[in-house]
Amino acid sequence: MSESILVNRTRFTSSLKNELAKELDLLAQKTRIPKSRLLDEAVEDLLRKYK
């Protein structure tokens with residue numbers, strides 16, 4: 001099986017509360033924005049909050 005090469009991204013594994021995962025799925029469908037981009041935005045906001 002070939003592994004995809006990520007140049008500008010880092011793969012990591014995590015988990016979400018079931019309710020958050022469902023809401024994220026719905027938001028991604030509604031906005032047509034990939035979940036990875038939504039998560040980037042959320043992490044950026046969180047880092048800004050705690051600087």
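Reply: The accessible surface of the protein chain comes to about 5,500 Å², by the Shrake-Rupley method with a 1.4 Å probe, where for residues only the protein chains shown count as cover. Carbon and sulfur atoms hold 54% of that surface. This is a predicted model, in which local features need pLDDT of at least 70 and side-chain atom pairs count only at pLDDT 80 or more, while totals for chains, interfaces and linings use all residues. Residues are numbered from 1 along each chain as its sequence is written, and side-chain values use heavy atoms, with hydrogens and water left out.

Of the 51 residues in the protein chain, 6% are buried, meaning under 20% relative accessible area, with exposed over 50% and partly exposed in between (1.4 Å probe, protein chains only). The chain has two helices and zero strands; these are DSSP runs, numbered from the N terminus, of at least four residues (H or I) for helices and at least two (E) for strands.

The part to look at is Asp25, which lies in helix H1 (residues 18-31). Asp25 is partly exposed, its relative accessible area being 32%. Its side chain is joined to that of Lys35 by a polar contact of 2.7 Å. Such a contact is a pair of N or O atoms within 3.5 Å; within protein, one must be able to donate a hydrogen and the other to accept it, and residues adjacent in sequence count only if both atoms are side-chain atoms. Asp25 and Lys35 are 10 residues apart along the chain, and 7.3 Å separates their C-alpha atoms.
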